[in-house]
Amino acid sequence: LIQLLFELLTNVMTRTAYLELLNENHGALKQLVRLCDASPRIAAQLASHPILLDELLDPQHLYNPTPFLEYKSDLRQYMLRIPEEDMEQQMEGLRQYKQIQRLRISAADIAGALPLMKVSDHLTYLAEAIMEYVVNIAWQQMIEKYGEPSNLQGADRRGFAVIGYGKLGGIELGYGSDLDVVFLHDTEVSGFTNGLDGIDNKQFYLRLGQRILHLFSTRTPSGILYEVDMRLRPQGDSGLLVSSMSAFEHYLNQDAWTWEHQALVRARCVYGDAEIVQAFETTRLALLSKQRDIAALSKDVVDMRQKMRAHLLRGDDSQFDLKQSPGGMVDIEFIAQFLVLANTHALPALARWSDNIRIFETCVEQGLLTAEQGQLLSESYCHIRDAAHRLTLNQQTRIVSAERYADDRAEVIALWNSLVA
């Protein structure tokens, strides 16, 4: 703790305003010591971005994150202080807002005011608010330069969607999570934009996607906004940056591997107007509802799990990789995905949710799991995710002693063998 505080104070030594803040506000100093003692990650964040020290002045505010449904309006209000035309400061402001909100979430987490599921909810709602703001910035820049796509003229919509996959799609973001996304546009977008420098509508959406990625990845004094991973788009890294809804559906029906259908289980629209959201949800339900050969599905899922473990598993038999070891996080996720792909054709309610906990609850309701099995999977998943959160806050790896969670792991492995393998 002394070393962490020394490094932080060394970084702010030349900024007398921050030293005065800590000297004159014993409450702020107390909060600083408490947070640094609880989390080296927070200590590093405060050292890198001393502006966050202002948040220590009001403990009641610090330990009470923004309500879920207010992130979007709160972000818009925060950004009003920055001129719209100053794009460099707009990008810096977004990054500072994210850091402020993440500090509040982690402080409430450390204080025990937020259970694990609520922490992930907050991190996910925050990311969605930032995504919407970034898309709006990019959209405005695009129409100012090229005009509006002809397929949208006279309609109060954009025909563009951001699909969240993985932890974003599953409402399970952690402190170190990146954003797995896919960009989609309407199927029918033939024509040109109506600006003086008009371009093909498809080119417009491509450049929109590029602009969104630029706004996320550009490094400012406060770093990048989020790491964005688009490898789940059709054809992966070699595919189009923005796909049409029809091309997306065709690829998943005709060319996708089973693991890509597994990924779709955890997919949901995190940005889009009502029409394209409905189109995506219809496509997703149709794909998840396909009747599959259970033996072939089981083989594909098991094979993919073995490939992932061979490639990603760290540690030896005396250690437990929370994510990749047998009985770990990914095994539980794969059980949920297998149950959805194997049974949605007969039980469409299984496709309603994209998060694992509610998938298991639905499996119990539909008779695919006993109440005991559903509880075991849900509790084991939460225990492991909570441990991963704690390790991240302490800047530690996800490797723990193999003796930890030994009973849970054995029961998860037994369920994997009985349900999937």
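Trainee: What makes Arg268 count as buried?

Mentor: Its relative accessible area is 17%, and buried means under 20%, exposed over 50% and partly exposed in between (1.4 Å probe, protein chains only). Arg268 is therefore buried. The model is a predicted one, in which local features need pLDDT of at least 70, side-chain atom pairs count only at pLDDT 80 or more, and totals for chains, interfaces and linings use all residues. Residues are numbered from 1 along each chain as its sequence is written, and side-chain values use heavy atoms, without hydrogens and water.

Trainee: Why is the pair of Arg268 and Glu128 called a salt bridge?

Mentor: The term requires a side-chain nitrogen of Lys or Arg within 4 Å of a carboxyl oxygen of Asp or Glu. For Arg268 and Glu128 the closest N and O atoms are 2.4 Å apart, so the pair qualifies. Arg268 lies in strand S5 and Glu128 in helix H8, so the pair ties together parts that are 140 residues apart in sequence. Helices (H or I, at least four residues) and strands (E, at least two) are DSSP runs, numbered from the N terminus.

Trainee: Is Glu128 buried or exposed?

Mentor: Glu128 is buried, because its relative accessibility is 13%.
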